Amino acid sequence: MQMARVAGTVVSTQKDPKLVGLKLQLVQPLDILTGEDAGRPLVAVDTVGAGIGDVVMIVGGSSARQTDRTASSPVDLAIVSIIDLVEVEGTTVYDRRGFAGEGSQ
């Protein structure tokens, strides 16, 4: 699994029938220790209703086809959760409520 931020939406009117009804999102992988961008943006199928700006957990390869929504679909990357909080060694790296970077004592 990898942490990422939803950066945008991908719209495709011509696609494999097994992708019809699946929402495609542009995700920017993040360094889980710092919350900084890490790598190039990717396209993932959204299985949890994430929105632009949400920090999410993504899975790739065969794991991306293990959700109820993506089973038997040609999917290589899926959003499987919306992250509420990431804490590393007592320091909050990300807090969905907007308190990133503050220590959590």
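A residue is called buried here when its relative accessible area is under 20%, and by that criterion buried residues make up 35% of the 105 residues in the chain. The model is predicted, and its chain contains 0 helices and 7 strands.

**Overall architecture**

- Among contacts between residues at least 6 apart in sequence, 48% join residues that are at least 24 apart.

**Surface and charge**

- The chain exposes about 6200 Å², and carbon and sulfur atoms supply 50% of that area.
- There are 9 positive and 13 negative side chains in the chain, and the centres of these two sets lie 11 Å apart.

**Salt bridge between Asp37 and Arg5**

- Asp37 and Arg5 form a salt bridge in which the closest N and O atoms are 3.2 Å apart.
- Because Asp37 lies in the loop between β2 (23-29) and β3 (42-46), whereas Arg5 belongs to strand β1 (residues 2-10), the pair ties together parts that are 32 residues apart in sequence.
- Asp37 is partly exposed, with a relative accessible area of 47%, and Arg5 is likewise partly exposed, with a value of 27%.

**Salt bridge between Asp84 and Arg96**

- Asp84 forms a salt bridge with Arg96, and here the closest N and O atoms are 3.5 Å apart.
- Asp84 is found in the loop between β5 (77-82) and β6 (85-88), and Arg96 in the segment after β7 (91-95), so this pair ties together parts that are 12 residues apart in sequence.
- The relative accessible area of Asp84 is 47%, which makes this residue partly exposed, and Arg96, at 42%, is also partly exposed.

- The side chains of Asp95 and Arg97 meet in a salt bridge with an N to O distance of 2.9 Å.
- Asp95 counts as buried at 7% relative accessibility, since the cut-off for buried is under 20%, whereas Arg97 counts as exposed at 65%, the cut-off for exposed being over 50%.
- Elsewhere, salt bridges that share partners join Asp54, Asp84 and Arg96 into one network.

Definitions and conventions. Residues numbered from 1 in each chain as written. Predicted model: local features only at pLDDT ≥ 70, side-chain atom pairs only at ≥ 80, totals over all residues. Heavy atoms only, no water. Helix = DSSP H or I, 4+ residues; strand = E, 2+ residues; numbered from the N terminus. Buried < 20%, exposed > 50% of the residue type's maximum accessible area, 1.4 Å probe, protein only. Contact = heavy atoms within 4.5 Å. Areas by Shrake-Rupley, 256 points an atom, 1.4 Å probe, with all protein chains shown as cover. Lys, Arg positive; Asp, Glu negative; His and termini not counted. Charge placed at Lys NZ, Arg CZ, Asp CG, Glu CD. Salt bridge = Lys/Arg side-chain N within 4 Å of Asp/Glu carboxyl O.
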